[in-house]
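Please view the sequence and the structure below before reading on.

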Amino acid sequence: AGGGLALALCLWLKNHKEPLPSGVIAMSPWTDLTISGESVETNFEKDPLFGKTRDSMLYNKDYLGENDPTNEYISPLFGDYEGFPPLLIQVGSYEMLLSDSVSVAAKAREQGVKVRLSIYEGMFHIFQMAAKMLPESKRAWIEIGKFISVLTND
């Protein structure tokens, strides 16, 4: 849940008037613990990690406990992104969490944030960890390097 946690942390920092990072890289972020995104259903049969079962962390409410799933620190989709640093969001087209990335990217853009959303066709949750084994993973890491380079040269 690193991508969602990074966004939630930035929301907390912003809300508490603390300094924000220069940018955020979110790989396949889980941003909506209400699991209301369209891709939860449309990619149910495609997603090799979370799909084809309701017995996965997406449906397990232990993480939430008694907390409201729309709390922005739990589901960053419900936060306010005005004043956020640039975002790079990468996600696979086969992910049940695809909508989480698309929705948070759209919301951040609408609130004036510079956002790059990259949807990698045919890829699965956290495909970047395949490092040099998949061409898409290689491209993702090159994209991350360019994003960091732009941030450090501004």
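This is a predicted model: local features need pLDDT of at least 70, side-chain atom pairs count only at pLDDT 80 or more; totals for chains, interfaces and linings use all residues.

## Helix α1

The buried positions of α1 are Gly-3, Gly-4, Leu-7, Ala-8, Cys-10, Leu-11, Leu-13 and Lys-14.

Helix α1 covers residues 2–15, which is 14 residues. From first C-alpha to last, α1 reaches 20 Å, close to the 20 Å expected at 1.5 Å a residue. Just after α1 comes Lys-17, with a positive phi of about 55°.

## The sheet

The sheet is open and consists of 3 strands in the order β1-β2-β3, with parallel pairing. Its edge strands, β1 and β3 (115–120), each pair on one side only. From one strand to the next, the twist averages 10°.

Strands β2 and β3 run parallel and are joined by 6 bridges. Within this part of the sheet, Gly-92 stands opposite Tyr-120 of β3. Helix α1 packs on the sheet and touches β1 and β2; the direction of α1 makes about 145° with that of β1. Helix α3 also packs on the sheet, where it touches β2 and β3, and its direction makes about 160° with that of β3.

## Helix α3

In α3, the buried residues are Leu-98, Ser-99, Asp-100, Ser-101, Val-104, Ala-105 and Ala-108. The buried residues of this helix pack against α1, α2, β2 and β3.

Ser-101 belongs to helix α3, which runs over residues 98–110. Is Ser-101 buried or exposed? Its relative accessible area is 0%, and Ser-101 is therefore classed as buried, since buried means under 20%. Apart from neighbours within four places in sequence, Ser-101 is in contact with Ser-28, Pro-29, Ile-89, Val-91 and Leu-117.

Thr-42 lies in helix α2, residues 39–42. The relative accessible area of Thr-42 is 47%, so this residue counts as partly exposed, a class that lies between the cut-offs of 20% and 50%. The C-alpha atom of Thr-42 is separated by 9.3 Å from that of Glu-95, and the two residues are 53 residues apart along the chain.

## Aromatic side chains

How many aromatic pairs does the structure hold? There are 2 aromatic pairs. One of them is formed by Tyr-120 and Phe-127, with 4.9 Å centre to centre and 45° between the planes, and is tilted. The label follows from the angle, because planes under 30 degrees apart count as stacked and those over 60 as edge-to-face, with the rest tilted. Both Tyr-120 and Phe-127 are buried.

Another ring, that of Phe-44, has Arg-54 over its face. Arg-54 lies at 4.4 Å from the ring centre of Phe-44.

Definitions and conventions: Residues are numbered from 1 along each chain as its sequence is written. Side-chain values use heavy atoms; hydrogens and water are left out. Rings of Phe, Tyr and Trp (its six-membered ring) pair if their centres lie within 6.5 Å; planes under 30 degrees apart count as stacked, over 60 as edge-to-face and the rest as tilted. Buried means under 20% relative accessible area, exposed over 50%, partly exposed in between (1.4 Å probe, protein chains only). A charge sits over a ring if NZ of Lys or CZ of Arg is within 6 Å of the ring centre and within 35 degrees of the ring normal. Helices (H or I, at least four residues) and strands (E, at least two) are DSSP runs, numbered from the N terminus. Contact means heavy atoms within 4.5 Å. The expected span of a helix is 1.5 Å times one less than its number of residues. Two strands pair if DSSP finds at least two bridges between them. Axes are lines fitted to C-alpha atoms, for helices over the stretch in contact, and angles run from 0 to 180 degrees between N-to-C directions.
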